[in-house]
Amino acid sequence: MNSVPRQQARIGQRALLLTTAALPLTGWAIHAAALHKQLAATRRDPLTGLLRRDAYTTRARRILARHGDDVAVVMVDADHFKQINDGMGHEAGDTVLASIGARLTAWAGPRAAIGRLGGDEFALVLELGADRRRQRLEQLVRMLHTPVTLTDGRTVSVAASVGAATPDTLGTRDLTDLQRAADAALYAGKHSGRAHLATTAHTSLPSVNGRRSGRPGTAAWGRAA
């Protein structure tokens, strides 16, 4: 007569034990999810949403290892950015930087490594075959020269210099070497309104921490990506 209530009681006890045992796991799951969010946030620049230097470097090297010669390393440097910051205010400068980040993301796509190295300097590594390089880099320059509209309705004329380096041209897949050459090509064509592709001559220029020697701030940086 009492077997049914006893069986129901045992089932209830098991359910209670399972629920109790699940509570610590649930707490750890919530903690792990929060920790993952915090780690993800440290990987990205809060203003542009682009990867920070370390996260960018890891992803960039992975792309270079996977795709070999069909890769381009692209350096981007905003032109006359200090004039925008000083003349129109830091909020306008932030809007311009965020716009550059959005344009780089739209141009390169979700599989690329896109990083903000600091200030108004950006780097990208993406799969890009030799037959499309010139056309795609010209497209990037056009995108970066499109005026930016601020939240108050004002329009800012913007521009950026672009340099690119490729493993098949330089004979190396080393990220630091490719960035150094792309950076040198960028400065060789600064303010020209065109993207410049690095040649082997750009690899012999003096460098500091993997960047062109004499570039503002290079002496203060750690090892370049």
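Start with the open sheet: five strands in the order E2-E3-E1-E6-E7, with mixed pairing. Two strands count as paired if DSSP finds at least two bridges between them. Helices (H or I, at least four residues) and strands (E, at least two) are DSSP runs, numbered from the N terminus. The model is predicted: local features need pLDDT of at least 70, side-chain atom pairs count only at pLDDT 80 or more, and totals for chains, interfaces and linings use all residues. Residues are numbered from 1 along each chain as its sequence is written, and side-chain values use heavy atoms, with hydrogens and water left out.

Axes are lines fitted to C-alpha atoms, for helices over the stretch in contact, and angles run from 0 to 180 degrees between N-to-C directions.

Now take strand E1 (residues 71-78) with strand E6 (residues 160-165). They pair in the antiparallel sense over six bridges. Find aspartate 77: serine 161 in E6 stands opposite.

Contact means heavy atoms within 4.5 Å. H7 lies across E1, E3, E6 and E7, at about 45° to E1.

Show helix H3 (residues 81-88) beside H4. Their axes are 6 Å apart and the packing angle is about 140°. From H3, pick Phe81, Ile84, Asn85 and Met88; from H4, pick His90, Ala92, Gly93, Val96 and Leu97. This contact has six nonpolar residues, three polar and no charged. Ala, Val, Leu, Ile, Met, Phe, Trp, Tyr, Cys and Pro count as nonpolar, Asp, Glu, Lys and Arg as charged, and the others, Gly among them, as polar.

Move to helix H2 (residues 53-67) and helix H7 (residues 175-188). Their axes come within 10 Å and cross at roughly 100°. The two helices are therefore roughly perpendicular (65 to 115 degrees). On H2, select Tyr56, Thr57, Ala60, Arg61 and Leu64; on H7, Leu175, Thr176, Leu178 and Gln179. Here the classes are five nonpolar, three polar and one charged.

Finish at the largest pocket, with about 230 Å³ of space. A pocket is an open set of points on a 1 Å grid over the protein atoms alone, where a 1.4 Å probe fits, with protein on both sides within 12 Å along at least five of seven lines; lining residues have an atom within 4 Å of a point. Of its 13 lining residues, Ile63, His67, Arg111, Ala112 and Glu127 are closest to the centre. H2 gives the largest share, five residues.

Conventions
Angles under 35 degrees count as roughly parallel, over 145 as roughly antiparallel, 65 to 115 as roughly perpendicular and the rest as oblique. Grid points are joined across faces, edges and corners, and a volume is the space filled by probe spheres set on the points.
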